[in-house]
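Okay, thanks for coming, everyone. Let me put the model up and walk you through it.

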Amino acid sequence: ETGYRNVTVRQSAGGARKPWEGHVPQDTRVTLRDIAKAAGVSMTTVSNVVNGRIELMSQATRERVEMAIRDLNYRPNAGARNLRLSQRGAIGLIIIDESPRFLADPMTSNIAAGISNLLSVNGYGLLVTGIRRAALGDIHLLRRDQTDGLCIMPSGSSSDRRKLYRELETAGQPVVVFQDTAPQTLPDSLSVRQDDHKGGELLAQRLISRGARRLAFLTPAQTWPAMVERRDGIMTVVAQNPGTSLDTVICGSEDIAETQIAIGRYVERNGLPDAFLGGNDQMGIAALTWAQDRNLLVPAHVRVTGFNGFAFSDYVRPRLTSVSSPAYEMGKQGAEQLLARLSAGRFNQPELLFDVTLAPGDSD
């Protein structure tokens with residue numbers, strides 16, 4: 001609970017003082033009692049926020065406590081708390097990715113940022129490991145002596161992921177699985193994912209309503225469960241519309257060069273489709289620039305969409321039509337639920353499914 005900190009008294013906009021300003025003198029010790037007084041709540045409520053037990057309080061109460069924690073610059077004494085709770089104060093994040101630049105992927109980095117920022121407010125560290133599928137048995141974070149819980153971003157075929165989940169069963173730690181559904185054999189787990197199937201449906205419905213009949217879905221060679229869901233969502237709509245078709249174009253990695261090579265080979269064999277649907281925004285941008293390099297007009301000659309709607313896609317013209325992803329919030333809420341599990345001893349639900357929305361642009 002304790003620890004000496006220099007406290008800076010901040011002025012809010014317009015010079016008005018916040019309710020808790022002046023409660024704690026500078027160069028003094030900030031305690032849970034100080035935070036409770038500043039936020040107008042009990043010490044128990046502050047302790048619950050600090051330790052991730054947020055499932056029984058309102059969002060407004062939690063946010064008021066978190067604001068007081070930030071403004072009073074409170075930091076829990078991690079060593080004392082961990083000794084008291086027999087915890088290590090660390091959460092592991094395992095990313096199964098064949099690319100050595102696994103953190104460069106926008107979906108991965110947004111989820112990781114949400115996890116890390118929530119954990120840091122609550123006095124936890126995040127240990128990140130990227131690993132290839134072939135090295136699953138070497139994941140050091142599976143040893144319980146290093147972390148209190150695990151977050152996992154899986155990839156690979158169904159059999160590859162079953163092997164991963166068998167490894168996780170032996171870890172003896174609670175697990176949050178991002179962008180996949182955890183099997184029943186992993187009972188101490190929570191699945192956190194967005195509705196990728198719905199996203200695929202939204203894009204296909206929009207393209208078909210605009211006259212597209214031959215669709216080509218761009219996907220990396222590495223199998224991500226979310227990509228499978230997106231393709232299945234597109235296929236659901238195609239099956240409902242006679243006269244439409246869907247081809248899947250395997251593009252190696254997700255980078256621009258390999259995606260454009262795969263597009264060129266596909267068009268050489270099959271001709272130009274009515275629309276390219278990028279499995280993510282990077283692949284959608286690769287298709288858009290491939291077309292522009294060949295003096296093809298988008299969307300007049302070929303329609304193009306992406307997926308996830310991250311900010312960088314706004315830098316291309318025409319503006320990319322996509323699906324908005326709540327990736328950061330997924331990471332944040334997944335971390336919240338994991339800390340609540342460490343406190344309560346169980347997850348209170350098996351899955352968090354986040355809605356997605358169409359992000360209309362000018363490329364389709």
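So, how many helices and strands does the protein have? Eleven helices and 14 strands, where helices (H or I, at least four residues) and strands (E, at least two) are DSSP runs numbered from the N terminus.

Quick housekeeping. This is a predicted model, with local features needing pLDDT of at least 70 and side-chain atom pairs counting only at pLDDT 80 or more, while totals for chains, interfaces and linings use all residues. Residues are numbered from 1 along each chain as its sequence is written, and side-chain values use heavy atoms, with hydrogens and water left out.

Now the overall numbers. Of the 364 residues, 51% count as buried, meaning under 20% relative accessible area with a 1.4 Å probe, protein chains only. Take contacts, meaning heavy atoms within 4.5 Å, between residues at least 6 apart in sequence: 72% of them join residues at least 24 apart.

On to the sheet I like. Four strands form an open sheet in the order β9-β8-β10-β11, with parallel pairing; two strands pair if DSSP finds at least two bridges between them. At the edges sit β9 (245–250) and β11 (303–305), each pairing on one side only. From one strand to the next, the twist averages 20°.

Look at β10 (residues 275–278): three bridges join it to β11, and the two run parallel. Phenylalanine 276 stands opposite valine 304 in β11.

And what lies across β8, β9 and β10? Helix α8 (residues 225–239), running at about 175° to β8 (214–219). Axes there are lines fitted to C-alpha atoms, for helices over the stretch in contact, and angles run from 0 to 180 degrees between N-to-C directions.

Key
Buried < 20%, exposed > 50% of the residue type's maximum accessible area, 1.4 Å probe, protein only.
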